[in-house]
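Subject: Structure handover

Hello,

Here is the structure I said I would pass on. Please open it first, then read the notes below beside it.

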Amino acid sequence: MNTKQALLTRLDEIGHSLAHSGQALALFGLGSVGVEVARVDEWSDLDFFAIAAPGFKQRFIDNLDWLGNIRPLAWHFRNTIDGHKVLFEDGIFCEFAVFEIDELPNIAYAPGRMIWKKPDVPDSICLPSFTPKRENRNTDWLVDETLGNLYVGMARYKRGEKLSGFRFVQVDAVNRVMELAAHLETAQASVFTDIYANERRFEQRFTQTATALPDLMQGYARTPRSALAILAWLQAHFAVNTRMASEICSLCGTD
């Protein structure tokens, strides 16, 4: 059985287990085992919501027998008040949450795919009541925010706060670069977008900008070089304040 078949079969097995419990109402898959099932590959895992009958949510959170009776669990960790991360003994990894139906209107999630439900449960629970929209910030704001990240990051780095400097330069500033990519090239329409994580499949969505990433993130010991590369990338594509550019270069050890 290949990975895709194994994942989808396990999800069906979880649905059967919930149905057998008599204390659940539905199960729907999210992410690559949801409506984006076409992108399941050997690196995928299971993301899902289990919908408990009224009064039984805590039972499914506190006792994972509904999973363990399918296949022994090698590891599990309650990472939120609503759910767990789980590794089955056979290597299938899961992230899930348990809710009751009346909680769903207040939960943000991507559209899901129904795996199992009781007949009186509407399919519409797979669709979120609201979906947060990624803010579409203009290029002037993004460029200036990136410059600010580089300046503060390099000041921290020079002070000896290398970890903080690394994060400002190679995380925060690069996050802004990822947003700027949408102003420079058209995203590949055939690639799924994750509204919650812009870095997901970035290399496939923005192929031109992605080629610069190795220079923009050279690692913990190379924050100054990364900062200069980000600055050079900005200058190649946008109007950059010359004074700020000079200050950043000075902090990086060059004019």
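A residue is called buried if its relative accessible area is under 20%, and exposed if that value is over 50%. Please keep in mind that this is a predicted model. By the burial cut-off, Trp 66 is buried, and Phe 96 is buried as well.

Aromatic rings

A pair of aromatic rings is described by the distance of the centres and the angle of the planes. The model has 12 aromatic pairs. In one of them, the ring centres of Phe 48 and Phe 96 are 5.2 Å apart and the planes meet at 5 degrees, so this pair is stacked. Planes under 30 degrees apart count as stacked. Phe 48 belongs to strand E2 (residues 46-52) and Phe 96 to strand E5 (residues 93-100), and the two residues are 48 residues apart, so the pair links distant parts of the chain. Phe 48 is buried, as is Phe 96.

Phe 96 also pairs with Trp 66, and here the arrangement is edge-to-face, with 5.3 Å from centre to centre and 80 degrees between the planes. Because Trp 66 sits in helix H3 (residues 65-68) and Phe 96 in strand E5, this pair ties together parts that are 30 residues apart in sequence.

Elsewhere, one aromatic cluster is formed by Phe 28, Phe 49, Phe 99 and Tyr 109. Two arginines lie over ring faces: Arg 10 over Phe 88, at 4.7 Å from the ring centre, and Arg 59 over Phe 60, at 4.7 Å from the ring centre.

Helix H4

Helix H4 covers residues 139-159.

The buried residues of H4 include Leu 142, Val 143, Leu 147, Leu 150 and Tyr 157. Seen down the helix axis, the buried residues of H4 fall within an arc of 160 degrees, so they line one face of the helix. These buried residues pack against helix H5 (162-184), helix H9 (223-237) and helix H10 (242-251). On the face of H4 turned away from the buried side are the exposed residues Asp 140 and Arg 159.

Now for the ends of the helix. Asn 138 caps the N-terminal end of H4, with a side-chain oxygen 3.2 Å from the backbone nitrogen of Asp 140. Gly 160 follows H4 and has a positive phi, near 105 degrees.

Regards

How values were computed. Residues numbered from 1 in each chain as written. Predicted model: local features only at pLDDT ≥ 70, side-chain atom pairs only at ≥ 80, totals over all residues. Heavy atoms only, no water. Phe/Tyr/Trp six-rings, centres within 6.5 Å; stacked < 30°, edge-to-face > 60°. Helix = DSSP H or I, 4+ residues; strand = E, 2+ residues; numbered from the N terminus. Buried < 20%, exposed > 50% of the residue type's maximum accessible area, 1.4 Å probe, protein only. Lys NZ or Arg CZ within 6 Å of the ring centre and 35° of its normal. Expected span 1.5 Å × (residues − 1). Arc of directions from axis to C-beta. Contact = heavy atoms within 4.5 Å. Polar contact = N/O pair within 3.5 Å; in protein donor to acceptor, adjacent residues only side chain to side chain.
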